[in-house]
Amino acid sequence: MTLNEIALFLGCAEIENHIEITGMNTLSEASEGEISFLSDSKYEKELLQTRASAVILPSSKSHLLPEGVIALVSEEPYMSVALLSKYFAKSIASSDVPPSIGEGTKLYPSSHIENGVCIGKNCTIMSGVYLGTDVVIGDDVILYPNVTVYRDCVIGNRVMIHAGTVIGSDGFGYAHTKLGEHVKLYQNGNVVIEDDVEIGANTTIDCAVFGSTVIKKGAKIDNLVQIGHNCIVGEHSILVSQTGLAGSSTLGRNVVMGGQSATAGHLTIAPFTTLAARSGVTKSIATKGVYSGFPLMEHKLWLKLQAKLARMLES
Amino acid sequence: MTLNEIALFLGCAEIENHIEITGMNTLSEASEGEISFLSDSKYEKELLQTRASAVILPSSKSHLLPEGVIALVSEEPYMSVALLSKYFAKSIASSDVPPSIGEGTKLYPSSHIENGVCIGKNCTIMSGVYLGTDVVIGDDVILYPNVTVYRDCVIGNRVMIHAGTVIGSDGFGYAHTKLGEHVKLYQNGNVVIEDDVEIGANTTIDCAVFGSTVIKKGAKIDNLVQIGHNCIVGEHSILVSQTGLAGSSTLGRNVVMGGQSATAGHLTIAPFTTLAARSGVTKSIATKGVYSGFPLMEHKLWLKLQAKLARMLES
Amino acid sequence: MTLNEIALFLGCAEIENHIEITGMNTLSEASEGEISFLSDSKYEKELLQTRASAVILPSSKSHLLPEGVIALVSEEPYMSVALLSKYFAKSIASSDVPPSIGEGTKLYPSSHIENGVCIGKNCTIMSGVYLGTDVVIGDDVILYPNVTVYRDCVIGNRVMIHAGTVIGSDGFGYAHTKLGEHVKLYQNGNVVIEDDVEIGANTTIDCAVFGSTVIKKGAKIDNLVQIGHNCIVGEHSILVSQTGLAGSSTLGRNVVMGGQSATAGHLTIAPFTTLAARSGVTKSIATKGVYSGFPLMEHKLWLKLQAKLARMLES
């Protein structure tokens with residue numbers, strides 16, 4: 001799609017430029033030939049350094065664009081991005097390269113490996129596993145039955161993923177019309193799982209909108225955990241069963257989250273923080289410690305609160 | 001099974017009527033040839049208009065039956081229904097009609113399509129997908145790997161269901177004996193998913209006991225969500241990850257439920273209501289607004305409560 | 001592996017004994033030829049009666065060992081056990097005995113049955129089901145599509161397991177290094193599911209570290225429930241959707257747990273106890289009753305607390 005066609009499709013003012021746009025990306029990650037967008041003014045400063053060829057943004061911000069970057073003016077940039085994302089969505093099976101399977105790797109009969117997949121040595125890919133187009137898997141990996149890995153995801157060495165877990169499903173992102181309808185923001189990123197990660201059964205890890213959702217080296221994730229798009233789970237972090245991370249949460253290394261705990265989106269948790277079972281994090285945590293409750297507080301304060309409530313009950 | 005055989009099987013008083021009973025249904029939905037039941041007096045008024053051929057009910061209610069409707073008297077009508085439901089349960093594979101697959105639809109090799117299935121045009125049915133007997137699927141649907149759709153479910157156009165999700169599993173319903181054993185109420189209904197719905201990964205949507213669990217047009221459901229039997233999710237509603245709806249919850253249109261929120265069963269939530277993450281609804285909500293907490297309250301009250309608790313902590 | 005090799009591998013003091021060690025087990029369950037361990041002083045009294053051939057334990061406890069039992073001294077016994085567990089882990093497919101399938105049992109085409117499996121009569125094993133090595137299944141069992149059963153698990157008669165559920169995945173157990181890395185404790189136990197159990201969709205039940213996770217006769221488990229390693233769920237207990245049991249929880253018979261409720265690990269809940277939706281149990285419950293809240297309290301106290309909080313809001 002050329003830039004003038006995009007402007008036409010989005011209903012923006014006409015543009016003379018006919019360069020071919022090859023993809024969409026964030027302001028900081030976009031490169032030449034890509035289109036980006038500004039839908040939240042907190043990313044304004046990234047506008048100044050973007051290498052995107054064009055940016056979708058409201059008219060009030062177009063003067064901030066660096067020279068040579070073309071503005072596509074939209075008063076609803078997020079909706080424009082959602083509408084456009086469908087045209088840059090990758091199709092499910094789009095490679096002609098036969099999969100490459102390393103020495104000593106065992107594929108069970110009813111696994112399904114798409115083209116473009118590259119699997120290392122001594123892996124066990126059990127029955128019902130699906131590996132999407134261009135998935136890359138390291139050495140000594142075990143994927144238990146009925147694991148699904150969506151296209152483009154990358155899995156390191158010695159990773160173990162238990163049955164029924166889904167890696168790289170679409171993040172939950174929509175633009176909303178005035179009539180209350182939801183327009184899907186197609187998720188074009190992937191999931192990267194580093195070495196020595198273990199993931200339990202029936203867990204779900206969504207792919208990033210752009211870029212990667214990342215599970216860093218040595219992290220251990222239990223059953224039925226939900227990890228939203230663009231999260232970063234730090235090295236050696238531990239997520240106990242039924243925990244949920246909303247989109248774009250960033251956990252430092254060795255964070256421990258107890259069972260049924262959760263974070264809101266777009267926040268950062270300091271390394272070595274411990275979150276008790278069922279705690280709910282709604283703001284970033286800058287200082288490591290032990291936290292509990294919802295709203296979240298220091299664990300010792302939470303204990304004090306419970307003691308006060310117990311006394312209140314006696315009165 | 002004829003009516004006299006049913007009476008005999010349930011240990012009810014003998015009945016002379018030998019009509020063939022073709023199925024079980026609720027009082028309001030039953031038609032001629034079906035048997036219904038009254039297990040909760042709040043449905044008494046539906047007794048007056050039922051078109052069922054016979055009704056299982058306690059002796060104290062049998063005088064309320066319309067003329068021509070036969071009473072099967074049971075002092076434990078719910079248990080009688082559970083015992084009888086096994087005999088009307090549909091078998092897993094019971095159609096001789098080969099599946100019908102629309103033009104442009106791609107079936108992956110290890111998908112399994114039962115007889116009686118009807119799939120529209122341009123669908124993608126990926127590996128490990130199971131479609132039960134008589135499932136109906138519209139056009140342009142994507143079912144990602146390892147999705148299971150139980151028999152009789154109906155899926156509209158442009159629906160996208162992510163990997164590992166289960167549509168139409170049995171609702172969680174039992175009658176209880178005095179010895180504490182549980183007798184399964186076989187679930188004979190289905191799930192209906194309307195157009196433009198998207199459902200995340202490893203979510204579960206149970207079929208109805210009778211009738212349908214319904215996900216209306218344009219609703220968006222995230223990963224690891226549980227939707228109980230006979231729920232109705234309104235148009236364009238949004239259910240964020242790890243949310244749970246107990247049986248027979250009805251959500252109006254554009255209801256938003258935050259992550260890990262939940263509803264109790266048999267309640268109604270007004271259109272355009274927003275429920276914050278982790279809120280727990282135990283009573284119907286008649287007025288739209290923003291609600292939080294468990295027990296549920298208006299969000300601004302919840303904020304006030306948290307402020308008061310924080311002050312209490314300081315004292 | 002002989003005992004002297006184990007001592008060498010773990011960096012313990014040299015041992016002259018060359019007996020072949022056949023497996024690892026708990027102090028109370030170990031038999032001759034097996035190695036056990038003491039990693040928590042609360043199990044000290046089990047030391048006195050162990051029939052293990054050798055025990056890994058700190059030097060301060062070695063004098064407690066019965067005569068003839070050899071001490072492997074380690075100041076980090078849990079880490080030693082984790083390191084050693086990898087060498088006793090069973091491989092995924094290790095039987096040469098072709099599966100035995102009872103009369104009237106139907107296997108769907110893309111199910112995968114490992115060697116050593118034994119299935120009874122009149123079962124339905126649907127598409128995408130995986131049965132690991134040496135799994136034993138009784139009569140009249142239905143396993144819905146994409147159910148995974150890991151090796152060695154035992155399933156009784158008339159059990160029904162809904163789609164996507166995982167039985168016998170590894171429990172979540174690790175020893176931690178001083179650098180914050182996690183060393184997997186390989187889980188060598190199994191899951192035993194007794195007669196007449198029904199399990200919902202996308203639920204996960206982990207195998208035991210040693211011994212068995214047990215779901216007793218007639219228990220009913222809903223969708224998306226998590227049951228940790230070594231739990232025991234009592235006869236006719238009911239676990240509603242999204243409930244989580246941490247490892248080694250023991251539920252008496254007819255315990256009812258409402259939706260999204262949970263227990264911490266290593267606790268016991270009295271028979272006939274009812275836990276309201278969302279309750280969180282952190283201590284054992286000795287007396288049956290109805291409990292709510294987190295922290296847990298008697299349900300009537302919880303109601304009183306909510307009333308007091310409501311009054312506080314008005315002031």
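Hi everyone, let me start with one of the contacts: chain C brings 35 residues to it and chain B brings 32, where two residues are in contact if their C-beta atoms, placed from the backbone, lie within 7 Å. On the side of chain C that touches chain B, the biggest contributor is helix H4 (residues 299–314) of chain C, with four residues. Helices and strands here are DSSP runs numbered from the N terminus, H or I over at least four residues for helices and E over at least two for strands. By class, that side of chain C has 13 nonpolar, 18 polar and four charged residues. For those classes, Ala, Val, Leu, Ile, Met, Phe, Trp, Tyr, Cys and Pro count as nonpolar, Asp, Glu, Lys and Arg as charged, and the others, Gly among them, as polar.

Before I go on, a word on the model. It is a predicted one, where local features need pLDDT of at least 70 and side-chain atom pairs count only at pLDDT 80 or more, while totals for chains, interfaces and linings use all residues. Residues are numbered from 1 along each chain as its sequence is written, and chains are lettered from A and ligands numbered from 1 in the order in which they are written.

Now, how are the copies arranged? Chain B can be laid on chain A by a turn of 120° and a shift of 0.0 Å along the axis, with an RMSD of 0.0 Å. The two copies are thus related as by a three-fold rotation axis. The superposition is by least squares on the C-alpha atoms of residues with pLDDT of at least 70 in both copies. Chain C goes onto chain B with a turn of 120°, a shift of 0.0 Å along the axis and an RMSD of 0.0 Å. The surfaces used by these copies are different, and 17% of the contact residues of chain C recur in chain B.

Let's look at chains A and B. Their contact takes 35 residues from chain B and 32 residues from chain A. Helix H4 (residues 299–314) of chain B supplies the largest share of chain B's side, four residues. That side of chain B is made up of 13 nonpolar, 18 polar and four charged residues. Only 17% of the interface residues of chain B are also interface residues in chain A, so the copies meet through different surfaces.

Which residues of H4(A) meet H4(B)? They are A:Leu301, A:Lys304, A:Leu305 and A:Lys308, and on the H4(B) side the residues are B:Leu309, B:Met312 and B:Leu313. This contact of H4(A) with H4(B) has five nonpolar, no polar and two charged residues. The axes of helix H4 (residues 299–314) of chain A and H4(B) come within 10 Å and cross at roughly 95°, with axes being lines fitted to C-alpha atoms, for helices over the stretch in contact, and angles running from 0 to 180 degrees between N-to-C directions. That makes H4(A) roughly perpendicular to H4(B); on this scale, angles under 35 degrees are roughly parallel, over 145 roughly antiparallel, 65 to 115 roughly perpendicular and the rest oblique.

On to the sheets. In chain B, nine strands make an open sheet in the order S7-S10-S13-S16-S21-S24-S27-S30-S33, with parallel pairing. Strand S7 (112–113) and strand S33 (280–281) of chain B stand at the edges with a single partner strand each, so one side of each is left without a neighbour in the sheet. Two strands pair if DSSP finds at least two bridges between them. Within this sheet, strand S27 (residues 244–245) and strand S30 (residues 262–263) of chain B pair in the parallel sense over two bridges, and B:Leu245 has B:Thr263 in S30(B) as its bridge partner.

Elsewhere in chain B, strand S19 (residues 190–193) and strand S22 (residues 212–215) are parallel partners over four bridges. There, B:Val192 has B:Val214 in S22(B) as its bridge partner. S22(B) is also joined by two bridges to strand S25 (residues 232–233) of chain B, running parallel, with B:Ile215 opposite B:Val233 in S25(B).

Last, the domains of chain A. Domain 1 covers 3–88 and domain 2 covers 181–192 + 207–315, with bounds from an automatic or database domain assignment. Their C-alpha centres lie 33 Å apart. How many residues of each are in contact? The contact takes 11 residues of domain 1 and seven residues of domain 2 of chain A. Helix H3 (residues 77–88) of chain A gives the most to the domain 1 side, with seven residues. Thanks, everyone!
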